[in-house]
Amino acid sequence: MLATRNLKYIYMGSNQLSPKSLGMLAEGIVVNSAIEELTFTHNSLCIENGKTFIQSLKSLVNLRKLSLNSCQLQTHGPELLQELKESLIDTDELIALNLYSNDINAEGAALLSQLLVNKTKLRTLGLSNNL
């Protein structure tokens, strides 16, 4: 992935990535800033590797669709959702955000509302199966 810099779409569903592998994926995302759609569903993110991965999303200025379903975003507290908010705050092209089944509670929803307030192009928001 590091050798290619023209990726537009990445689908990484249902993997059991080690922290090292997730770090390598984050590096690949940073150098592939043209990515428009990222599907990373059914992957467990813990605080340590999750922050690195989510921080890499800052480089995706053309990101249009992001799916992080069933990634345990709030299982360990609000840190990963806070990181997601900060990483996507300047992503103006986002039209779809799917965060199904992440145990997002009221605190997490408040963080997401801060992110979404200026996302005028957003057309799809998937939040089912949360708390």
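Glu83 is located in helix α3. In this predicted model, the residue is buried but takes part in no salt bridge. The nearest side chain of opposite charge belongs to Lys58, at a distance of 4.5 Å, whereas a salt bridge requires a side-chain nitrogen of Lys or Arg within 4 Å of a carboxyl oxygen. Leaving aside residues up to four places away in sequence, the contacts of Glu83 are with Lys51, Ile54, Gln55 and Lys58.

Helix α3 also contributes to the largest nonpolar core, which comprises 29 residues. Within this core, Leu45, Phe53, Leu66, Leu68, Leu73 and Leu84 touch the most other members. At least two core residues come from each of α1 (19-31), α2, α3 (79-88) and α4 (106-116). The greatest contribution is that of α3, which provides four residues. In soluble globular proteins, nonpolar side chains tend to be buried together. For Leu68, with residues up to four places away in sequence not counted, the contacts comprise Phe40, Phe53, Leu73, Leu84, Asn98, Leu99, Tyr100 and Asn102.

In helix α4, the buried residues are Gly108, Leu111, Leu112 and Leu115. Viewed down the axis of α4, these buried residues fall within an arc of 100°, and they therefore line one face of the helix. Their packing partners are α3 and strand β4 (96-98). At the start of α4, the backbone nitrogen of Glu107 is approached to within 3.1 Å by a side-chain oxygen of Asn105.

The side chain of Asn43 reaches the backbone oxygen of Thr41 at 2.9 Å. Apart from residues up to four places away in sequence, Asn43 is in contact with Met12, Gly13, Ser14, Asn15 and Gln16, as well as with Ser70 and Cys71.

Thr52 is found in helix α2. Thr52 and Ser21 are 31 residues apart along the chain, and a distance of 11 Å separates their C-alpha atoms.

Definitions and conventions
Residues are numbered from 1 along each chain as its sequence is written. This is a predicted model: local features need pLDDT of at least 70, side-chain atom pairs count only at pLDDT 80 or more; totals for chains, interfaces and linings use all residues. Side-chain values use heavy atoms; hydrogens and water are left out. A polar contact is a pair of N or O atoms within 3.5 Å; within protein, one must be able to donate a hydrogen and the other to accept it, and residues adjacent in sequence count only if both atoms are side-chain atoms. Contact means heavy atoms within 4.5 Å. A nonpolar core is a set of buried Ala, Val, Leu, Ile, Met, Phe, Trp, Tyr and Cys residues joined through side-chain atoms within 4.5 Å. Buried means under 20% relative accessible area, exposed over 50%, partly exposed in between (1.4 Å probe, protein chains only). Lys and Arg count as positive and Asp and Glu as negative; His and the chain ends are not counted. The arc is that of the directions from the helix axis to the C-beta atoms.
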